[in-house]
Amino acid sequence: MDNLIQYQRIEQSILQIRGQRVILDADLARLYGVSVKALNQAVKRHQERFPTDFCFRVTVQELDDVVTVCDHLKDLKFSRFVPRAFTEHGVLMVANILRSPVAVQMSIHVVRVFAHFRQMLAANKDLARRIDELEERYDSRFKIVFDALRDLVDPPEKPR
């Protein structure tokens with residue numbers, strides 16, 4: 001039961017920004033049991049470990065979009081600082097530089113959740129391929145059904 005609660009907390013923290021699944025520094029600090037300041041100081045001390053595909057600064061517009069969608073981030077709306085966004089690899093690197101037992105355990109959970117998202121994405125791609133194959137076999141009378149199925153498989157992209 002405890003693992004389920006952890007996974008739900010992590011899933012809520014994962015956002016879609018710039019076409020990537022990321023966790024903002026405030027959520028990552030909360031998950032790892034450190035302050036945002038301590039997390040960002042550790043990242044700053046080890047900048048060479050965080051290339052742009054591991055960690056990047058969110059723009060003001062991206063932050064506004066995310067805060068609008070995610071209620072738990074409403075405090076960031078009035079923050080003086082623009083948060084960092086960490087990809088799956090960045091999340092692991094943060095756990096390595098923090099080296100606390102909590103960070104190590106949480107990084108295991110985070111990796112599992114990211115892997116679960118990848119599996120869901122692969123399943124959706126397979127389903128979309130099967131729908132395309134079925135559509136080729138049947139005539140245009142089923143176009144409405146296939147369009148509805150495609151909308152379910154590939155919903156419109158939102159920030160979250």
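## Salt bridges

The side chains of Asp 27 and Arg 30 form a salt bridge, with an N to O distance of 3.3 Å; the term covers a side-chain nitrogen of Lys or Arg within 4 Å of a carboxyl oxygen of Asp or Glu. The model is predicted, so local features need pLDDT of at least 70 and side-chain atom pairs count only at pLDDT 80 or more, while totals for chains, interfaces and linings use all residues. Residues are numbered from 1 along each chain as its sequence is written, and side-chain values use heavy atoms, with hydrogens and water left out. Asp 27 and Arg 30 are three residues apart in helix H2 (residues 25-32), which separates them by about one helical turn. Helices (H or I, at least four residues) and strands (E, at least two) are DSSP runs, numbered from the N terminus. Asp 27 is buried at 3% relative accessible area, whereas Arg 30 is partly exposed at 38%; buried means under 20%, exposed over 50% and partly exposed in between, with a 1.4 Å probe and protein chains only.

The count of salt bridges by this rule is two. Glu 62 and Arg 18 also meet through their side chains in a salt bridge, at 2.8 Å from N to O. Glu 62 belongs to helix H4 (residues 60-69) and Arg 18 to the loop between strand E1 (14-17) and strand E2 (20-24), so this pair ties together parts that are 44 residues apart in sequence. Glu 62 is buried, with 16% relative accessibility.

## Backbone at Arg 18

Arg 18, in the loop between E1 and E2, has a phi near 55°, a positive value in a residue other than glycine. Most residues other than glycine have a negative phi. The relative accessible area of Arg 18 is 45%, which makes this residue partly exposed.

## Aromatic pair

One aromatic pair is counted. The ring centres of Phe 50 and Phe 86 are 6.0 Å apart and their planes stand at 75°, so the pair is edge-to-face. Rings of Phe, Tyr and Trp (its six-membered ring) pair if their centres lie within 6.5 Å; planes under 30 degrees apart count as stacked, over 60 as edge-to-face and the rest as tilted.

Phe 50 sits in the loop between helix H3 (36-45) and strand E3 (55-57), and Phe 86 in strand E4 (residues 84-86), so parts 36 residues apart in sequence are tied together. Phe 50 is buried at 9% relative accessible area, and Phe 86 is buried at 0%.

## Nonpolar cores

The largest nonpolar core has 25 residues, and those with the most contacts inside it are Ile 23, Leu 28, Tyr 32, Phe 50, Phe 86, Val 91 and Val 94. Such a core is a set of buried Ala, Val, Leu, Ile, Met, Phe, Trp, Tyr and Cys residues joined through side-chain atoms within 4.5 Å. H2, H3, helix H5 (88-98) and helix H6 (101-137) each give two or more residues to this core. H6 provides the largest share, six residues.

Not counting residues up to four places away in sequence, Val 94 touches Leu 28, Tyr 32, Leu 39, Val 43, Phe 50 and Phe 86, where contact means heavy atoms within 4.5 Å. Another core, of 13 residues, lies apart from the largest one and includes Val 22, Val 58, Val 67 and Ala 85.
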